[in-house]
Amino acid sequence: MQMNVVDLLQSDKFSQEVHTKGWVRTFRANRFIALNDGSSINNIQCVVDFETTDESLLKRITTGAAVAIKGILTESQGKGQAVEIQVQTIEILGDSNPEEYPIQPKKHSFEFLRENAHLRVRTNTFGAVMRVRSMLSFAVHKYFTENGFYNFHAPIITGSDAEGAGEMFRVTTMDANTAPKNEDGTVDYSSDFFGKETNLTVSGQLEAETYAMALGKVYTFGPTFRAENSNTTRHLAEFWMIEPEVAFMDLNGNMDLAEDFIKSVLRHVLDNCKDDIAFLDQRLTKEESTKPMIERSDMSLLEKLNFVVENDFKRVSYTEAIDILRNSKPNKKKKFKFPINEWGADLQSEHERYLVEKHFKCPVILFDYPANIKAFYMRLNEDGKTVRAMDVLFPGIGEIVGGSQREERLDVLKDKIKALHIDERELWWYLDLRKFGTAEHSGFGLGFERLVQFTTGMSNIRDVIPFPRTPQNAEF
């Protein structure tokens with residue numbers, strides 16, 4: 001029976017014949033094959049008897065070649081591995097031309113690997129990142145299922161803009177050159193496929209609210225899209241969002257849920273991806289050592305993960321946070337790129353990281369933000385100027401979760417929609433929730449790639465999704 005490399009590395013059934021398949025990472029001295037099948041960060045060493053192996057076959061054992069190996073599992077005599085395979089037979093399943101294969105056993109830049117994204121997962125770093133991503137995905141579904149949530153599949157094509165930012169990808173079957181026009185010169189979408197203007201979704205939240213108000217607790221986990229022309233290390237045009245929505249839950253319950261959820265999925269990865277996390281921890285430590293002292297992180301990857309899992313999240317109002325930031329040394333000495341001068345400022349990553357890493361020294365949840373810097377659907381507080389919003393802030397990354405208690409009062413919601421010049425007719429179904437059995441309800445959104453970034457220590461969000469979609473880039 002064929003065995004995976006990860007199982008062979010943990011086996012102690014020596015002197016038994018084993019079968020395995022994988023890709024050659026290296027082949028040295030015409031004798032030692034480092035074989036990997038993607039099941040582990042670690043390779044298994046396969047020892048070839050070059051004196052009895054056909055020379056033409058040995059020449060085909062090159063980096064990237066796919067092979068099938070049959071041999072005897074033995075205790076390794078060399079350093080760095082506990083077991084190895086004494087090869088009896090080897091079959092070349094797929095050749096790899098060493099002059100053309102781009103992923104050679106040497107250090108490659110991440111930019112080069114992005115240009116070869118179809119092959120980069122064969123490297124140690126990207127293999128580890130994608131195994132961790134897979135485990136995180138499983139942990140998300142596991143957590144919500146075990147806590148009574150129902151998985152809700154939000155539509156990808158939508159007629160509403162949940163964020164109100166207008167940065168959406170249009171979905172149409174009409175020819176842009178011959179599209180019919182209204183009298184005012186705008187495009188007449190009545191003859192389009194859906195009979196109205198439609199876009200790729202930026203969030204499944206509004207639709208998820210409708211299901212939460214019937215099933216109680218739901219969550220979405222699917223692709224979302226933003227046509228923001230931003231070429232930073234933190235933005236993608238296509239990314240995955242996790243969005244739970246819960247009926248009869250206020251902001252305090254929402255903060256409890258976010259903290260418990262994050263800690264749970266991180267614990268699951270720490271327990272089940274030890275080898276990959278250890279490798280990524282070492283990789284990040286080496287990367288940090290090349291930076292100037294002032295730019296280096298105070299914590300290793302493992303320390304950051306345990307920092308989140310082991311600490312209670314500090315809950316701080318936006319108003320208190322502004323006071324702390326305004327009176328902080330970096331602000332007074334004008335070290336912040338965006339100085340904090342007055343209440344109402346939209347906090348930047350540098351401010352969020354200062355609160356987490358320098359002031360409180362633990363993860364932070366900020367709440368009760370100014371209404372004018374948050375979305376229309378967030379519940380207005382009695383002061384009339386703040387909303388029941390909350391953001392979870394992490395070390396090294398800043399905001400990782402954004403959420404709120406939703407506005408359940410029909411009259412207040414209609415006033416907010418009108419003030420923002422949103423067409424009420426586009427949200428008639430959303431307003432209906434406030435007409436028929438309205439109740440307090442809350443939820444949050446967590447960008448999955450941001451979570452993968454934090455968990456793996458990767459500095460660029462393009463390196464934690466298989467095929468990144470960014471401005472001017474839709475390759476593969």
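Q: What does the closed barrel look like, and in which order do its strands run?
A: In this predicted model, five strands form a closed barrel in the order β1-β2-β3-β5-β4, with mixed pairing. Strands here are DSSP runs of E with at least two residues, numbered from the N terminus, and two of them pair if DSSP finds at least two bridges between them. Neighbouring strands of this sheet are turned by 55° against each other on average, direction ignored, where the axes are lines fitted to C-alpha atoms and angles run from 0 to 180 degrees between N-to-C directions.

Q: And how many bridges join β1 to β4?
A: Seven bridges join strand β1 (residues 17-28) to strand β4 (residues 66-75), and the two run antiparallel. Within that pair, His19 stands opposite Lys70 in β4.

Q: Before we go on, how are residues numbered, and what counts in a model like this?
A: Residues are numbered from 1 along each chain as its sequence is written. As the model is predicted, local features need pLDDT of at least 70 and side-chain atom pairs count only at pLDDT 80 or more, while totals for chains, interfaces and linings use all residues, and side-chain values use heavy atoms, with hydrogens and water left out.

Q: OK, what about the open sheet of three strands?
A: The order there is β7-β9-β8, with antiparallel pairing. β7 (157-158) and β8 (170-171) stand at the edges with a single partner strand each, so one side of each is left without a neighbour in the sheet. β7 pairs with strand β9 (residues 198-200) over two bridges in the antiparallel sense, and Thr158 has Asn199 in β9 as its bridge partner.

Q: Switching topic: what caps the N-terminal end of α6?
A: Asp250 does, with a side-chain oxygen 3.2 Å from the backbone nitrogen of Asn252. Helix α6 itself (residues 251-272) has 22 residues and reaches 32 Å from its first C-alpha to its last, close to the 32 Å expected at 1.5 Å a residue.

Q: Last one: is β15 mostly covered or mostly open, and which strands does it pair with?
A: Strand β15 (residues 398-405) is mostly covered, as six of its eight residues are buried, meaning under 20% relative accessible area with a 1.4 Å probe, protein chains only. Six bridges join it to strand β14 (residues 386-394), running antiparallel, and five antiparallel bridges join β15 to strand β16 (residues 441-447). Ala389 stands opposite Ser404 in β15, whereas Val401 stands opposite Leu446 in β16.

Conventions
Helix = DSSP H or I, 4+ residues; strand = E, 2+ residues; numbered from the N terminus. Expected span 1.5 Å × (residues − 1). Polar contact = N/O pair within 3.5 Å; in protein donor to acceptor, adjacent residues only side chain to side chain. Buried < 20%, exposed > 50% of the residue type's maximum accessible area, 1.4 Å probe, protein only.
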